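Visitor: Could you walk me through this one? I would like to go slowly and ask things as they come up.

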Amino acid sequence: SAVRLAREGVLAPELRARLQARVTELVQQALDGALAAPEPEPAVVVRPDVPAGTPLRTLLYIEDNPANLELVEQLMARRPDLRLLGAADGDLGIEFARACQPEVILMDINLPGISGLEAMKILRADPATAHIPIIALSANAIPRDIEKALEAGFFNYLTKPIRVNQFLDALDAALRFSESAAGRPAGMERE
């Protein structure tokens, strides 16, 4: 991705600086609510620090847009209990899911190569990954498409722009589901 290339110094310095400035601006706007869709809830809920000894859990985000990946990376910086892995396309995401066994997968629907829907079906058909809750995150907000995606096997479906509190709540619900599927104590089933 462009963000990774910028970090590795592959992009020209002026392009790297412009890209990083734009990503930082978008993240700040999203956190300030400028990009977030209006929602009838208060500003972002501050999540408490996790107790010492809390296990580190993994979120795999399959997304080809560097700005979207950077936004989620910034949101996850608030969550010391989570480690974020990123994959730029469905094929790489499937490989990461099989190799890393994340607790939750966040999946864009419109990916280069195979779609997020196709990638989700492959992961559901694989016994090694079938148990992992997959949250769709897409700009496509057509109700019938959302319904089809949920019926096909997505754990939840969120639309862009990201509503921060809705995103964090969906992530927490998926983590609870993941814990219960793994046989560990859980607070709640799928929401």
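Guide: Let me begin with a term: helices (H or I, at least four residues) and strands (E, at least two) are DSSP runs, numbered from the N terminus. With that settled, Ile 105 is found in strand β3. This is a predicted model, in which local features need pLDDT of at least 70 and side-chain atom pairs count only at pLDDT 80 or more, while totals for chains, interfaces and linings use all residues. Residues are numbered from 1 along each chain as its sequence is written, and side-chain values use heavy atoms, with hydrogens and water left out.

Visitor: OK, what is the order of the elements from the N terminus on?

Guide: The elements run α-α-β-α-β-α-β-α-β-α-β-α, and the chain has seven helices and five strands.

Visitor: And how much of the chain is buried?

Guide: Buried residues make up 40% of the 191 residues, where buried means under 20% relative accessible area, exposed means over 50%, and partly exposed is in between, with a 1.4 Å probe and protein chains only.

Visitor: Back to Ile 105, then: buried or exposed?

Guide: Ile 105 counts as buried because its relative accessibility is 0%. Leaving aside residues up to four places away in sequence, Ile 105 touches Leu 59, Leu 60, Ile 62, Ala 97, Leu 123, Ile 132, Pro 133, Ile 134 and Ile 135, a contact being heavy atoms within 4.5 Å. Ile 105 and Leu 175 are 70 residues apart along the chain, and their C-alpha atoms are separated by 10.0 Å.

Visitor: Which residues touch the most other members of the largest nonpolar core?

Guide: They are Val 72, Met 76, Leu 106, Ile 135 and Phe 167, in a core of 23 residues; a nonpolar core is a set of buried Ala, Val, Leu, Ile, Met, Phe, Trp, Tyr and Cys residues joined through side-chain atoms within 4.5 Å. Two or more residues of this core come from each of β1 (57-62), α3 (66-76), β3 (104-108), β4 (134-138) and α7 (164-181), and the largest share, eight residues, comes from α7. A second, separate core has 21 residues, including Ile 62, Met 107, Leu 111 and Ala 136.

Visitor: Where is Leu 171, and what does it touch?

Guide: Leu 171 is in helix α7 and is buried, with a relative accessible area of 2%. Beyond residues up to four places away in sequence, Leu 171 touches Leu 59, Met 76, Arg 79, Leu 82, Val 104 and Ile 135. Leu 171 and Val 104 lie 67 residues apart in sequence, with 7.8 Å between their C-alpha atoms.

Visitor: How do α3 and α7 cross?

Guide: Their axes come within 12 Å and cross at roughly 70°, which makes α3 roughly perpendicular to α7. Axes here are lines fitted to C-alpha atoms, for helices over the stretch in contact, and angles run from 0 to 180 degrees between N-to-C directions; angles under 35 degrees count as roughly parallel, over 145 as roughly antiparallel, 65 to 115 as roughly perpendicular and the rest as oblique. Val 72, Leu 75 and Met 76 of α3 meet Val 164, Phe 167, Leu 168 and Leu 171 of α7. By class, that contact has seven nonpolar, no polar and no charged residues, with Ala, Val, Leu, Ile, Met, Phe, Trp, Tyr, Cys and Pro counted as nonpolar, Asp, Glu, Lys and Arg as charged, and the others, Gly among them, as polar.

Visitor: And what is the angle between α4 and α5?

Guide: Helix α4 (residues 90-100) and helix α5 (residues 116-125) pack at an angle of about 25°, with their axes 9 Å apart, so α4 is roughly parallel to α5. The contact involves Gly 90, Ile 94, Ala 97 and Arg 98 of α4, together with Ala 119, Ile 122 and Leu 123 of α5, and these residues divide into five nonpolar, one polar and one charged.

Visitor: Changing topic, which residues does a cis peptide bond join?

Guide: The cis peptide bond joins Lys 160 and Pro 161, with omega about 0°, and Pro 161 is in the loop between β5 (156-159) and α7. As background, most residues other than glycine have a negative phi, and most peptide bonds are trans.

Visitor: What about phi of Gln 101?

Guide: Phi of Gln 101 is near 50°, a positive value in a residue other than glycine. Gln 101 sits in the loop between α4 and β3 and counts as partly exposed because its relative accessibility is 31%.
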